[in-house]
Amino acid sequence: MDDLRLALLLNAVSPQVGGVLVRGEKGTAKSTMVRALAGLLPSLAVVEGCRFACDPAAPDTQCPDGPHAAAAVAAERPTRLVELPVGVSEDRIVGSLDLERALAEGVKAYEPGLLAAAHRGVLYIDEVNLLNDHLVDLLLDAAAMGRSYVEREGVSVRHAARFLLVGTMNPEEGELRPQLLDRFGLTVEIAATREPEQRAEVVRRRLAYDADPEGFAARWTRDEQELAARIGTAREVLPSVVLGDGALRQITAVCAAFEVDGLRADIVMARTAVALAAWAGRTGVIAEDVRTAARLALPHRRRRNPFDAPGLDEEKLDDTLEQSAGQEPEPEGPDGPEGPDDDGSGPDGPSGGGKDAPTDDGPSGGTTEAEADAASSRGGIPAPAPPQPAAPAASPYRTRLLTVPGTGEGANGRRSRARTDSGGHTIRAARPSGALQRLHLAATIQAAAPHQLGRGRDGRALKLRRDDFREQVREGRESNLVLFVVDASGSMAARQRMSAVKGAVLSLLMDAYQRRDKVGMVTFRGSGATLALPPTSSVEVGAARLKQLPTGGRTPLAAGLLRAHETLRLERLRDPRRRPLLVVVTDGRATGGSQALPDARRAAGLLAAQGTAAVVVDCESGPVRLGLAAELAVHLGAEAIRLDELAADSVTRLVHTIQKEAA
């Protein structure tokens, strides 16, 4: 919590730091702390009556409410904290423009959106990682240019939109797009304290607030006033802080050592270090400022793939700072470097052998199918096999595109065809069912043209009525629910196929991340099936569960398909617009008795009857193939793909082969 408090205060001192991304588990008061920031920020001078919060000393020359006179009347108001909800519409963010009045009357009737309200203030996005892609694009544009644009068929409105961006997220629900992630100046990871006394104090304060909100606030008024005064003092000191060449070399050396992309990290670190010096009341930046700035500004800029957890090697950071300062790192004794082991990397920390260190138990390898069947024929229980390390996943690769047939209406994404309100391309024109959003100009003119004489047109302007207007019907891409059904039985463990299978599923998870899908995972082995990963937007959790996947035992294929059927039924109730894509990874064998294979085919028929789009990834290998996975695909009404055909380049090679044979 101390890091979050510091990050918010640094942005209050210097908004140029660029905002804060708060990552943490649910129930850790992320939103509460962010909302508390607004009360600490100084008030603003604005042009009276301006809906866009123009500064009287330097009003925006392109302000839609302008131009403002040089001696415009000034008013003072508190700095706003504007909340952007996850389900917000595009027009609510950038503002709405009445196209009907603009075309028929020549009037720019513009209603400002949340970006206008947040100008010179704080824009707060709770659950920022759940925001739709096209809304993220709007925020990226505004954050990059400091200006918001509304363009509708030649009618244009623009206004200043400079704001402090603060977002909170639970990583278990999915990660942010890299472009938006880089826009946050600082990032902080928080977790609930495990100290009973501290937890008790939190509960006491919450109960005290519930019993008397006004009295509770009054008790902390003086502390808040002192904090606000210190922020004001730091803002006054900020222009006089000097970033020396030595400190600047340390900043650039750290960014280079951690191989961050671009130069934004260097700039953010420099601004953060200067803000830290001002907060401490100093006029010069010291090494500790650089170190703290690196801890806050670099962790989220070091990810190389979606499955990398943000973080920073603090030992490497200290070594880099010492070397860039012209000193060799101090020698380490048998117990590590001198001083307290704050990062938990000592002998009892996460990387040591203390009682809290994770153990590499590894999933048990289970029994092979032959052993299970032999034990069943003896009427006994299979003897437990000795623990075997989990098969490592093969290196991920770019997979071919798997889609759901037809046209959906789900959330914006990058997988299957869908009708969409944003992005994509126009396929036809239609009468608007509500407020006109995207005018189809040619269709509107075509609808109005036959009636111009009857309406008494006597000049160049068209006579338009409401019935003439047509809007664009657009088609783009949607995200889907990709549910993996993974065979983890003994037949998959044989011939070391599990490594290739895990690599394939990991590659498909990577593809789902890039296409903004939800993912889920059902695994089956032994005597039944398990929902290893309930549908979620976090592919990182899926990758972790895949790594720990145990193998061995029989192949209860029917149980896996039935568990998938039930999972999809529940998801249709929760999210009816999101179409599912079932990916079954198996060799098609079903063991456990004479009815195992017929039961699996009946379960496949249930999924097919629901219209579930499916793909069967055939993992069978060797010179003799039974073709059971292909038969399963027929019963599912699915496409069958061999494991070695899943990679995107395998499709390219196949096309080239066909072209050569045709030539």
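This is a predicted model: local features need pLDDT of at least 70, side-chain atom pairs count only at pLDDT 80 or more; totals for chains, interfaces and linings use all residues.
Five strands form an open sheet in the order S4-S7-S10-S1-S11, and their pairing is parallel. Strand S4 (81-83) and strand S11 (186-190) are the edge strands, each of them pairing on one side only. On average, neighbouring strands of this sheet are turned by 20° against each other, direction ignored. Within the sheet, strand S1 (residues 20-24) pairs with strand S10 (residues 164-169) in the parallel sense, over four bridges. At Val22, the bridge partner in S10 is Thr168.

Helix H1 (residues 2-13) lies across S1, S10 and S11, and runs at about 155° to S11.

Helix H1 also meets a further helix, H12 (residues 264-279); the two axes come within 9 Å and cross at roughly 90°. Crossing angles of 65 to 115 degrees count as roughly perpendicular, and H1 and H12 are therefore roughly perpendicular to each other. On the H1 side, the contact involves Leu6, Leu9, Leu10 and Val13, which meet Thr272, Ala275, Leu276, Ala278 and Trp279 in H12. By class, eight nonpolar residues, one polar residue and no charged residues take part in the contact of H1 with H12.

Elsewhere in the chain, Val583 lies in strand S18 (residues 580-586). The relative accessible area of Val583 is 1%; a residue under 20% counts as buried, and Val583 is therefore buried. Neighbours within four places in sequence aside, the residues in contact with Val583 are Leu402, Val482, Leu483, Phe484, Val485, Leu508, Val615 and Val617. Between Val583 and Ala640, the separation is 57 residues in sequence and 10.0 Å in space, C-alpha to C-alpha.

Helix H16 (residues 441-448) has buried residues at Ala443, Thr444, Ala447 and Ala448. These residues lie on the same side of H16, because they cover an arc of only 130° around the axis. Ala442 and Gln446, on the other side of H16, are exposed.

Terms used
Residues are numbered from 1 along each chain as its sequence is written. Side-chain values use heavy atoms; hydrogens and water are left out. Buried means under 20% relative accessible area, exposed over 50%, partly exposed in between (1.4 Å probe, protein chains only). Helices (H or I, at least four residues) and strands (E, at least two) are DSSP runs, numbered from the N terminus. The arc is that of the directions from the helix axis to the C-beta atoms. Two strands pair if DSSP finds at least two bridges between them. Axes are lines fitted to C-alpha atoms, for helices over the stretch in contact, and angles run from 0 to 180 degrees between N-to-C directions. Contact means heavy atoms within 4.5 Å. Angles under 35 degrees count as roughly parallel, over 145 as roughly antiparallel, 65 to 115 as roughly perpendicular and the rest as oblique. Ala, Val, Leu, Ile, Met, Phe, Trp, Tyr, Cys and Pro count as nonpolar, Asp, Glu, Lys and Arg as charged, and the others, Gly among them, as polar.
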